[in-house]
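Here is a brief report on one structure. Look through the sequence and the model before reading on.

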Amino acid sequence: MNNIVLELQDVWKVYKMDEVKVPALQGINLKVKQGEFIAVVGASGSGKSTALHIIGALDVPTKGFVLLDGQEISKLDESKIARIRGKKIGFVFQTFNLYPTLNVLENIALPMRIHEFDEDKINEKCKELIKLVGLERRAKHLPAQLSGGERQRVAVARALSSQPSMILADEPTGNLDSKTSMEILKLLVGLHEKEGKTIVLVTHEPDIAAYAERMVELKDGKIIYDGKVKKRKGFFK
Ligand SMILES: Nc1ncnc2c1ncn2[C@@H]1O[C@H](COP(=O)(O)OP(=O)(O)OP(=O)(O)O)[C@@H](O)[C@H]1O
Ligand SMILES: [Mg+2]
């Protein structure tokens, strides 16, 4: 059986700023298997976020193909892409991206509301997720009333609420201290190990990347390494 859930074929992304062309990705080929845990590393500006956005269908390539579960998504219209994205992919960002006027429970429930889950299902799933991330006693808090780590835990719960098989995380620990970073990381590792979620994690930190099974290193928009995690300390600062 083919268990490739995501494939990038010769993906290019060229940003045009007036006369200046920035080739952010230059011919990326990548196959991601169901249940893999991949760390994407590389210097600032190497194309990590651009690659993650294309993997998650938040952006389309200038050239090349993106196949999600064998389906070529770059040719679909935006509403179809949004539906597929919502069902299959959960995002976690460095800056949490929570809705400031919604409380913890409401933030977690939002993707389910968008996908029109019924109310009983939403309540049941919210209870499960808030427990998973250990925020039962913060359910009614607004994001501004939470610590950074708590906010990121809400974001992880929200990413899980539409029951995606893949979690994409862009520097999810970038704004957190090392202890809190480890908590978030443990949460992601648990999702990978216990629930078989596919995880693609962008990070600058070798200690964080060390938890992945596979490492993809970008330089100037190209993959320069794809294999086992290299444990050289501080190598991609
Ligand atoms: N919307 C945009 N318009 C124009 N250029 C962009 C845009 N987004 C990114 N770029 C350029 O593309 C290149 C890759 O950017 P990207 O954000 O993917 O890097 P990154 O590896 O995530 O960096 P960082 O570690 O700093 O987050 C950079 O040179 C950046 O300036
Ligand atoms: Mg980035």
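## A helix pair

Helices α3 and α5 cross in the right-handed sense. The model is a predicted one. Five residues of α3 form its side of the contact: Val104, Asn107, Ile108, Pro111 and Met112. From α5 come Val154, Ala157, Arg158 and Ser161. By class, the contact holds six nonpolar residues, two polar and one charged.

Now the geometry. Helix α3 spans residues 104-114, and helix α5 spans residues 148-161. Their axes lie 7 Å apart and meet at an angle of about 25 degrees. Angles under 35 degrees count as roughly parallel, so α3 and α5 are roughly parallel to each other.

## The sheet

Strands of a sheet pair through backbone hydrogen bonds, in either a parallel or an antiparallel sense. Here, four strands make an open sheet in the order β2-β1-β4-β5. The pairing is antiparallel. Strands β2 (20-33) and β5 (71-72) sit at the edges, and each pairs on one side only.

Strand β1 covers residues 4-17. Eleven bridges join β1 to β2, in the antiparallel sense. One pairing to find in the model is that of Lys16, whose bridge partner in β2 is Lys21.

## A helix across the sheet

Which strands does helix α1 lie across? They are β1, β2 and β4 (63-68). Helix α1 itself takes in residues 48-55. Its direction is at about 125 degrees to β1.

How values were computed:
Residues numbered from 1 in each chain as written. Chains lettered and ligands numbered in written order. Predicted model: local features only at pLDDT ≥ 70, side-chain atom pairs only at ≥ 80, totals over all residues. Heavy atoms only, no water. Pairing = 2+ DSSP bridges. Helix = DSSP H or I, 4+ residues; strand = E, 2+ residues; numbered from the N terminus. Contact = heavy atoms within 4.5 Å. Axes fitted to C-alpha atoms, helices over the stretch in contact; angles between N-to-C directions. Parallel < 35°, antiparallel > 145°, perpendicular 65-115°, else oblique. Left-handed = near helix turned anticlockwise from the far one by under 90°. Nonpolar A, V, L, I, M, F, W, Y, C, P; charged D, E, K, R; others polar.
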